[in-house]
Protein chains: 2
Amino acid sequence: MIQKLISKIQKTQAPIVVGLDPMLSYIPEQIQKKAFAEYGETLEGAAEAVWQYNKEIVDAVYDLVPAVKPQIAMYEQFGIEGLKAFKKTVDYCKSKDLVVIGDVKRGDIGSTSAAYAAGHLGRVQVGSHTYAGFDEDFATVNPYLGSDGIKPFIEVCRQEKKGLFILVKTSNPSSGEFQDRLIDGRPLYELVGEQVARWGEDCMGEAYSYIGAVVGATYPEMGKALRRIMPRSFILVPGYGAQGGKGADLVHFFNEDGLGAIVNSSRGIIAAYKQEKYAKFGAEHFAEASRAAVEDMAADIRSALENR
Amino acid sequence: MIQKLISKIQKTQAPIVVGLDPMLSYIPEQIQKKAFAEYGETLEGAAEAVWQYNKEIVDAVYDLVPAVKPQIAMYEQFGIEGLKAFKKTVDYCKSKDLVVIGDVKRGDIGSTSAAYAAGHLGRVQVGSHTYAGFDEDFATVNPYLGSDGIKPFIEVCRQEKKGLFILVKTSNPSSGEFQDRLIDGRPLYELVGEQVARWGEDCMGEAYSYIGAVVGATYPEMGKALRRIMPRSFILVPGYGAQGGKGADLVHFFNEDGLGAIVNSSRGIIAAYKQEKYAKFGAEHFAEASRAAVEDMAADIRSALENR
């Protein structure tokens, strides 16, 4: 799957992942109205609105980007109905040949991580049959429990040719509370990064491992250090746009080969029509606004990489 | 909810939580056969087997214990159908007046944690209505992202009178890889424990906060230190029984008032019929074996507390 991700990045010339993190407040009124007319103001109605919104955005951008990243929390908040919309979104994106990164941030002790890995990346045995539960291509995972919690995911990735992005340095303001604390003079996130590099050593595609890392665009200097610590790990970079990261901040996350990072934008793309810059599209043409935002983001990153 | 938990512990004289972590391999053949006869060897069939298994165990133990802790990974592995069984289990346990701790180990940046909190502990707004998605009483959460990731959960707990157990020192063998690393001479888990105590200060029930911690039974000495660091935090203690923790190891997790901890056992209770000690019940009477295992565990902890 890492090879598919890389070849799609090369083809689209856009190391971009569209974060499909639908809040109801982002979804244009015409979509909400239609969904509520059919299902009422219910969890089912909300899930239908989310799904229709996602579908229009995916239809508008799928040829421009290699990957999408649905954030499962935004679906889970609507309970079972929301999770059905998550699954529909995953399946639809895969039918459009997009790489799907499930932003699930799971992580637990051994047998429990194995169950999460089976549910999100692998298959579960039922009698003499096997079934895939959610079947994303990559998943994000939390490293706090150490190797026991990560290895069952790696095992499934190896079998199923899938991949991980392990949280190293997150994009949020308080991420330093624990992640930046110094251990023998070095911040915790660097130790986690070193461990990610080690976990990834036996999990190589060609130039890159399928065990990657999450490092926030909001911390470019740390990104620079982590790029050196994990030279063969792909970095998923959240925090571009709405969270404050800019194209110029991103260059340090890439290797000299122009690869090694994929930058996420969620709100900045899926709710682009709400920005002054794209207001001309109007809520009616929100998906075209998303397409324009993707084109602008790709140009911003390309120009930053050319001028570094 | 912390007061309900405490009063139920006092009433049952059993600071025990039954971990409802059903693996198919634990479920007696008669239950699997019946479920597969009705739904086939499908995800639906597996979910039905899980639900029937849980129901029998809950019916056999609900009067002996204050709380249950379904581990959502064990349901999530079966996709949507599994999550329906999770929801059914939560609802059924609440109808039996059990406190339900959702072992979900979620945690993300601000708005995303808010969505998880809404989905698991609170309510989500859909038009002019609000709905509860999964509606557990407590949830476990991961602290790696710092305060931004925790505060949205705390906010929902305050509104809904629910609670959290935040991962501090987990029970698994590799938990020390990051959690034990020394920062200014003190292990990371102690700093996380201090932060849990601080987060809990403004969230008091009577003697205890509704912001608790997870500390593994497998690390009794660390439990002793953490008990002092977080005197008013309830500690959820996994790792008893199958993972190796014993009653005598547990005394340090309790305060002098005999409260402050609740000990989880999963496999040791729900698959008790597979142990030699309870083999006499046979697979047919697996739920009675679970009841006997709960009684033995309660006696073990009571005797350890009396002899300390």
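In which sense do strand 1 and strand 12 of chain A pair, and over how many bridges? In this predicted model, strand 1 (residues 16-20) and strand 12 (residues 261-265) of chain A pair in the parallel sense over 3 bridges. Two strands are taken as paired if DSSP finds at least two bridges between them, and the elements themselves are DSSP runs numbered from the N terminus, with helices (H or I) of at least four residues and strands (E) of at least two. One residue-level example is Val17(A), whose bridge partner in strand 12 of chain A is Asn264(A).

Residues are numbered from 1 along each chain as its sequence is written, while chains are lettered from A and ligands numbered from 1 in the order in which they are written. Local features need pLDDT of at least 70, side-chain atom pairs count only at pLDDT 80 or more, totals for chains, interfaces and linings use all residues, and side-chain values use heavy atoms, with hydrogens and water left out.

Chain A holds a closed barrel of 8 strands in the order 1-2-3-6-7-10-11-12, with parallel pairing. Neighbouring strands of this sheet are turned by 30° against each other on average, direction ignored; axes here are lines fitted to C-alpha atoms, for helices over the stretch in contact, and angles run from 0 to 180 degrees between N-to-C directions. Strands of a sheet pair through backbone hydrogen bonds, either parallel or antiparallel.

Helices of chain A lie against these strands. Helix 9 (residues 188-201) of chain A lies across strand 7 (163-169), strand 10 (209-215) and strand 11 (233-237), at about 160° to strand 7, where contact means heavy atoms within 4.5 Å. Helix 10 (residues 220-229) of chain A also packs on the sheet, touching strands 7, 10 and 11, and its direction makes about 130° with that of strand 7.

Chain B likewise contains a closed barrel of 8 strands, running 1-2-3-6-7-10-11-12 with parallel pairing. In strand 12 of chain B, Ser265(B) is the bridge partner of Val18(B).

How do the two chains relate? Chain B can be laid on chain A with an RMSD of 0.0 Å by a turn of 180° and a shift of 0.0 Å along the axis, using least squares on the C-alpha atoms of residues with pLDDT of at least 70 in both copies. That is the relation of a two-fold axis. Within chain B, the C-alpha nearest the axis belongs to Ile183(B), 2.6 Å from it.

The contact takes 69 residues from chain B and 69 residues from chain A. Of the interface residues of chain B, 100% are also interface residues in chain A, so the copies meet through the same surface. The buried area is about 5,800 Å², of which carbon and sulfur atoms give 62%; this is the accessible area (1.4 Å probe) that the two parts lose on being put together, summed over both. In chain B, Glu41(B), Tyr144(B) and Phe178(B) lose the most area to chain A, together 15% of what that side buries.

Charged pairs complete the description. Across the interface there are 6 salt bridges, each a side-chain nitrogen of Lys or Arg within 4 Å of a carboxyl oxygen of Asp or Glu. Glu76(B) and Arg106(A) meet in a salt bridge at 2.9 Å, N to O.
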